[in-house]
Amino acid sequence: MSSPTGPAGLPVRMPRPRQPGRHRRPEPLVTPEGAPALVLAVPGTPSAATRSLAEEVVSIARSELLGLNARIGYLDGDDSDYPTLRSVLTQTAEERTARYEQAVAAGVEAKEPDGPVAVVVPLLAGPDSALLRQVRQAVMDSRVAAELTDALGPHPLLAEALHVRLSESGLARADRARLFTVATAADGIILASVGGDEAVQAAGITGMLLAARLAVPVMAAALDQEGSIVAVAEQLRSSGSQQLALAPYLIGPELDPGLLDAATKEADCATAEPLGAYPAIGKLALSKYTTALGIAPQQPQGTPAR
């Protein structure tokens, strides 16, 4: 039986047949031609650790959407090792224009670019009005047509990420269905956010999802409001919780380490690590981008509580 051949008799790679049935792998999404770039807006003081985290988030997003043009801009960058959000947007716009002009000069029929140059996704778990104003101002200063999305949360995937970070620190069972105990498991969780009352309210929504996963009370508090963490700790203890844990509802770059250390001492409790580059962060960043473009088949789904 002969095999298909192409020009000059070379073999042709035939498409692999799709796996039938309910367990077949979904077809991967592909970035539409001419789609704007995803620009991750990273808050806080830039550092090698911050860059590594942001690059990991972008890598996760690229793995979920073929051909994604994803870039990183720092709110407090120096335009050297850490490019500012403003300069990244400007460069992205210039490159899009240059590609069009090169195509025209080469005689290639090309559509003149229109629409937003980029979709800017803040690397924030919850709303922080001060940081979001900073992001918005950088977009305005760039004079580039860009769309700005909301923060990543609240979302069930963030509850999953918090659960994992607590379990990694020995402060929660990894799986309630398994018959084992964790001696240091907390019986009350303080969900710590930054960004004032709005951030606390948003964190509280994810906190309810986390409480359902852990079957322990979870209350949100603000790291950047004096006395907020201590007040919540006292409220949890007065309701019967004795072994508290603090779970940062933060990705990391936006966090002042001094605030977290001080809150942990004031509340006299253990603490988990920030969310960091947990895979859900990259997926949620991509979800914000694809939703803004109207190309997302559905929002990323959280893992059911076990």
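Hi everyone, thanks for coming. Before we start, please keep in mind that this is a predicted model, where local features need pLDDT of at least 70, side-chain atom pairs count only at pLDDT 80 or more, and totals for chains, interfaces and linings use all residues. Residues are numbered from 1 along each chain as its sequence is written, and side-chain values use heavy atoms, with hydrogens and water left out.

Four strands form an open sheet in the order S4-S2-S5-S6, with parallel pairing. Two strands pair here if DSSP finds at least two bridges between them. The labels are DSSP runs numbered from the N terminus: helices are H or I with at least four residues, strands are E with at least two. At the edges sit strand S4 (70-74) and strand S6 (146-148), each pairing on one side only. On average, neighbouring strands of this sheet are turned by 25° against each other, direction ignored. Angles come from axes, which are lines fitted to C-alpha atoms, for helices over the stretch in contact; they run from 0 to 180 degrees between N-to-C directions.

Look at strand S5 (residues 118-122): three bridges join S5 to S6, and the two run parallel. In that pairing, valine 119 stands opposite glutamate 147 in S6.

Which strands does helix H1 lie across? Helix H1 (residues 48-64) lies across strand S2 (37-42) and S4, running at about 155° to S4. Helix H8 (residues 279-293) lies across S2, S5 and S6, at about 145° to S5.

These two helices also meet. H1 and H8 pack at an angle of about 60°, with their axes 8 Å apart. That makes H1 oblique to H8; under 35 degrees counts as roughly parallel, over 145 as roughly antiparallel, 65 to 115 as roughly perpendicular and the rest as oblique. Residues in the contact (heavy atoms within 4.5 Å) include Val57 and Ile60 of H1 and Ala285 and Leu286 of H8. By class, the contact of H1 with H8 has seven nonpolar, one polar and two charged residues. Here Ala, Val, Leu, Ile, Met, Phe, Trp, Tyr, Cys and Pro count as nonpolar, Asp, Glu, Lys and Arg as charged, and the others, Gly among them, as polar.

Arginine 71 forms a salt bridge with glutamate 95, the closest N and O atoms being 2.5 Å apart. The pair links distant parts of the chain: arginine 71 is in strand S4 and glutamate 95 in helix H2 (residues 85-105), 24 residues apart. A salt bridge means a side-chain nitrogen of Lys or Arg within 4 Å of a carboxyl oxygen of Asp or Glu. The whole structure holds two salt bridges.

Now another sheet, also open, with four strands in the order S8-S7-S9-S10 and parallel pairing. Strand S8 (218-222) and strand S10 (270-271) stand at its edges with a single partner strand each, so one side of each has no neighbour in the sheet. Two bridges join strand S9 (residues 244-248) to S10, and alanine 245 stands opposite alanine 270 in S10. H4 packs on this sheet, touching strand S7 (188-193) and S9, at about 130° to S9. Helix H7 (residues 257-267) lies across S7, S9 and S10, at about 165° to S9.

Finally, the axes of helix H4 (residues 156-168) and helix H5 (residues 196-214) come within 8 Å and cross at roughly 55°. That makes H4 oblique to H5.
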